[in-house]
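Please read these notes with the model open beside them. The points go from the whole chain to single residues.

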Amino acid sequence: MAITLPALPYPEDALAPAISATTLQTHHGKHHKAYVDKTNDAVKDGPLASASLEDIIRAARDKGDKPLFNNAAQAWNHGFYWQSLSPAKQAPSAALADAIGQAFGSIEGLGKELAKQGTAHFASGWVWLVARGNALAVEQTHDAETFADTEARPLLVIDLWEHAYYLDHKNVRPDYLKQVIADHLAWDFASRNFEASGTWTYPAMQLTSA
Ligand code: MN
């Protein structure tokens with residue numbers, strides 16, 4: 001069994017104009033696929049050949065294998081990112097809305113914090129909504145760094161690498177963030193993650209897209 005490239009959970013043009021079909025074709029079909037392929041290449045002849053992506057990430061972190069960690073964590077982060085986006089506008093569950101109110105005052109307050117940290121982030125990385133117990137925080141990770149294997153549970157993520165927005169928004173990352181935060185965050189997914197006891201796991205058995 002190898003790590004798979006999960007299909008996008010919506011059509012490629014479903015997030016336009018915030019994120020175009022052209023961006024998704026490259027971002028999912030080339031960037032995410034390359035992280036998956038490189039992870040599989042690195043583990044194929046060793047003890048991690050049939051491990052879950054989460055176990056590969058943990059093992060790579062433990063032994064300080066930075067190339068494997070980078071590819072495996074990027075594969076995971078992208079699987080989580082596609083699920084964090086929604087074609088239609090959604091709202092958090094009552095339980096998540098309550099926690100958002102406590103941490104940020106309101107959903108608008110949370111949106112402002114995501115935009116602020118996402119804009120301020122230097123170079124490549126990710127901005128996350130995470131939960132520690134029931135307490136929420138907005139936090140950034142650099143490069144491939146992930147919450148896949150941490151005690152803090154990720155609820156949703158926005159990709160801040162230039163490949164996520166450059167074709168649609170050129171260098172203007174705040175415009176990408178503004179449109180994604182306003183209309184395309186998958187609050188159903190975030191709510192399920194908030195109410196779950198553990199962290200979302202990368203899909204284990206799906207067909208690899210061509
Ligand atoms: Mn990306």
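1. Among contacts in the protein between residues at least 6 apart in sequence, those that join residues at least 24 apart make up 70%. Contact here means heavy atoms within 4.5 Å. This is a predicted model, in which local features need pLDDT of at least 70 and side-chain atom pairs count only at pLDDT 80 or more, while totals for chains, interfaces and linings use all residues. Residues are numbered from 1 along each chain as its sequence is written, and side-chain values use heavy atoms, with hydrogens and water left out.

2. The secondary structure comes to eight helices and three strands. Read from the N terminus, the order of elements is α-α-α-α-α-β-β-β-α-α-α. The radius of gyration is 16 Å, close to the 17 Å that the globule rule gives for 210 residues, so the protein is as compact as a globular protein of that length. The radius is taken over C-alpha atoms, and the rule is 2.2 Å times the number of residues to the power 0.38. Helices (H or I, at least four residues) and strands (E, at least two) are DSSP runs, numbered from the N terminus.

3. Taken along the principal axes, the C-alpha atoms fill a box of roughly 50 × 40 × 30 Å. Of the 210 residues, 49% count as buried. Buried means under 20% relative accessible area, exposed means over 50%, and partly exposed lies in between (1.4 Å probe, protein chains only).

4. The accessible surface of the protein comes to about 9,800 Å², and 54% of it belongs to carbon and sulfur atoms. Accessible areas come from the Shrake-Rupley method with a 1.4 Å probe; for residues, only the protein chains shown count as cover.

5. Asp159 is buried because its relative accessible area is 0%.

6. Gln74 has its place in helix α3 (residues 66-84). Is Gln74 buried or exposed? Gln74 counts as buried because its relative accessibility is 1%. Leaving aside neighbours within four places in sequence, Gln74 is in contact with Tyr35, Phe69, Trp126, Asp143, Ala144 and Trp161.

7. Arg61 lies in helix α2 (residues 53-63). With 33% relative accessibility, Arg61 counts as partly exposed. Not counting residues up to four places away in sequence, Arg61 touches Phe69, Glu145, Thr146 and Asp149. Between Arg61 and Asp149 there are 9.4 Å in space, C-alpha to C-alpha, although the two are 88 residues apart in sequence.

8. Leu114 lies in helix α5. Its relative accessibility is 0%, so Leu114 counts as buried. Leaving out residues up to four places away in sequence, Leu114 touches Val127, Trp128, Val138, Ile181 and Leu185. Leu114 and Val157 are 43 residues apart in sequence, and their C-alpha atoms are 9.5 Å apart in space.

9. Ala186 is in the loop between α7 and α8 (187-195). With a relative accessible area of 4%, Ala186 is buried. Where in the sequence are its contacts? Apart from neighbours within four places in sequence, Ala186 is in contact with Gln83, Ser84, Leu85, Ser86 and Gln90. Ala186 and Ser86 are 100 residues apart in sequence and 4.8 Å apart in space, C-alpha to C-alpha.

10. A cis peptide bond joins Ala16 and Pro17, with omega about 5°; Pro17 is found in the segment before α1 (21-43). Ala123 has a phi near 65°, a positive value in a residue other than glycine. Ala123 is in the loop between α5 (107-120) and β1 (125-132), and at 47% relative accessibility it counts as partly exposed. Phi of Lys170 is near 50°, also positive in a residue other than glycine, and Lys170 is in the loop between α6 (166-169) and α7 (173-183).
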